[in-house]
Amino acid sequence: MDVIDTLVIGAGITGLAYASFTPRQDLLVLEAEDQIGGYCKTVRQGPFVWDYSGHFFHFRHPHLERYLVSQMIPGEVQTITKWARILFEGTLVDFPFQKNIHQLPKEDFIDCLYELFFREERPVESFQDMLLTRFGSGICRRFLFPYNEKLYACDLDRLDVDAMGRFFPHADLAEIIRNFKFPNNRSYNTTFTYPRSGAVAYIDSLKSRLPDDRISLNEPLLRIDLEHKVAQTNQREIAFSTLVCTTPFNRLLEMTGIEHEPGLFTSNKVLVFNLGFDTKGPTQIHWMYLPEPRFCFYRVGFYDNIFGSPQMSLYIEIGLPTSAAVDVPTMQDRVLNDLKTAGIVGSQRLIASHNVVLDPAYVHITSKSQQAVASLKERLARHGVYSIGRYGSWTYCSIEDNLVEALQLVERLEGKPVRLA
Ligand SMILES: Cc1cc2nc3c(=O)[nH]c(=O)nc-3n(C[C@H](O)[C@H](O)[C@H](O)COP(=O)(O)OP(=O)(O)OC[C@H]3O[C@@H](n4cnc5c(N)ncnc54)[C@H](O)[C@@H]3O)c2cc1C
């Protein structure tokens, strides 16, 4: 049996961040797939650079950004000011919808404003209640309900009030009305960074800090014997002191044999199409939200407007229940049709395409799931097993949050602050 002090499961951004932040040298990262990156992989086809759906970076901690960028080619990272719009019944409205109802046709504007002003204030128990009591039924019916139902592929009443955390664009009545006259649509990602070679540049930066033999590809973790602290992979048994796991939390529980209530950990999956065309499409837009059920996708992004390139390069995101069958050719035809109906594709010809399913993509955060994750994480920690990452913590977060969580765990286990250089 091999003996390794620290095993890291998963070479996505979280696992690689942990491996590069920790001072421990006796460490191995196990990755199930044949390449690193997790959801931050980048695909290239001819002139097109695509991620596993758009992955844009926003940093609140300059030292983390410096740590990543210092290992990258100078000039690699561009900083971009976001152009995000909503397609509402043929009209483009600025995002967020709730602050820009004055851009709607008059009847819609009046209804949204009326229902906002006279909304019923009452205690809220779910995400759906929160939307309704904060914004009123006019805004909810036109955007917040249909958009989020398409995204999450579930009943919004199931989700926790705070299911989207800091990523939900809250606005009170005064802010909404002030926005009619003095537009201020600032949000956590008003400006974002994006490398010229795609999101994987950040992954490569972390990887460059690790010796090559510290990552084992094509080696999935299959089981963990918590009592004896032994990990079983498809190749061997490894005894560990510390195991840092970034696989989805429910899969970690299965691997350890810890039982949990059925139906506690649910999520959607997202089918992503990356599509390259021969000529340019709409300009001055980075991504568009489409709440209407007649369009199969909830969001379309325009890489060409981020790179300033001459051929339309799109990512398309479709939210699905995890149980849904995916027939890629049929869905791609539907996507192209819907893109034409939405006025995004006209005479352009499709010349390149790629697709991937992200499963899980958006987890369904409920009060029960949050309590279970917190208490089961503590139970696992008593055996030296720590679950982190977007799916390891079963949460809604950004890539920077993954870096922060990885650093916090390093500091917790070292018992002291760690300076990143
Ligand atoms: C549609 C979508 C859009 C997003 N856009 C943005 C964005 O614009 N900006 C942003 O900041 N964030 C964005 N995110 C969030 C971001 O993708 C995640 O926060 C981040 O990629 C999570 O990284 P991770 O390492 O925790 O997990 P993952 O990327 O899932 O990595 C986990 C790794 O573990 C491996 N693994 C799984 N099981 C095993 C096993 N049994 N044994 C060994 N290895 C295993 C996997 O192969 C994978 O490589 C988006 C997410 C989605 C779904």
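**Exercise 1. Find the loop that holds Gln284, then decide whether Gln284 is buried or exposed.**

Solution. Start with the position. Gln284 sits in the loop between strand S13 (268-277) and strand S14 (287-289). Helices (H or I, at least four residues) and strands (E, at least two) are DSSP runs, numbered from the N terminus. Residues are numbered from 1 along each chain as its sequence is written. The model is predicted: local features need pLDDT of at least 70, side-chain atom pairs count only at pLDDT 80 or more, and totals for chains, interfaces and linings use all residues.

Next, the backbone. Gln284 is not a glycine, yet its phi is positive, about 55 degrees.

Last, the neighbours. A residue is buried if 20 or more other C-beta atoms lie within 10 Å of its own, exposed if 12 or fewer, and partly exposed in between; C-beta atoms are placed from the backbone. Gln284 has 9 C-beta neighbours inside 10 Å, so it counts as exposed.

**Exercise 2. Why is helix H6 (residues 200-207) largely enclosed by the rest of the structure?**

Solution. Count the buried residues. Seven of the eight in H6 are buried, so the rest of the structure largely encloses this helix. They are Val200, Ala201, Tyr202, Ile203, Ser205, Leu206 and Lys207.

Then look at the cover. It includes helix H1 (13-21), strand S3 (42-45), helix H2 (62-69) and strand S8 (191-195). Contact here puts two C-beta atoms, placed from the backbone, within 7 Å.

**Exercise 3. Which element gives the most to the shell around the ligand?**

Solution. Of the 34 residues around the ligand, Gly10, Gly12, Gly38, Gly389 and Ser398 come nearest. H1 and H11 are the elements that give two or more residues to this shell. H1 gives the most, with three residues.

Conventions
Near = placed C-beta within 6 Å.
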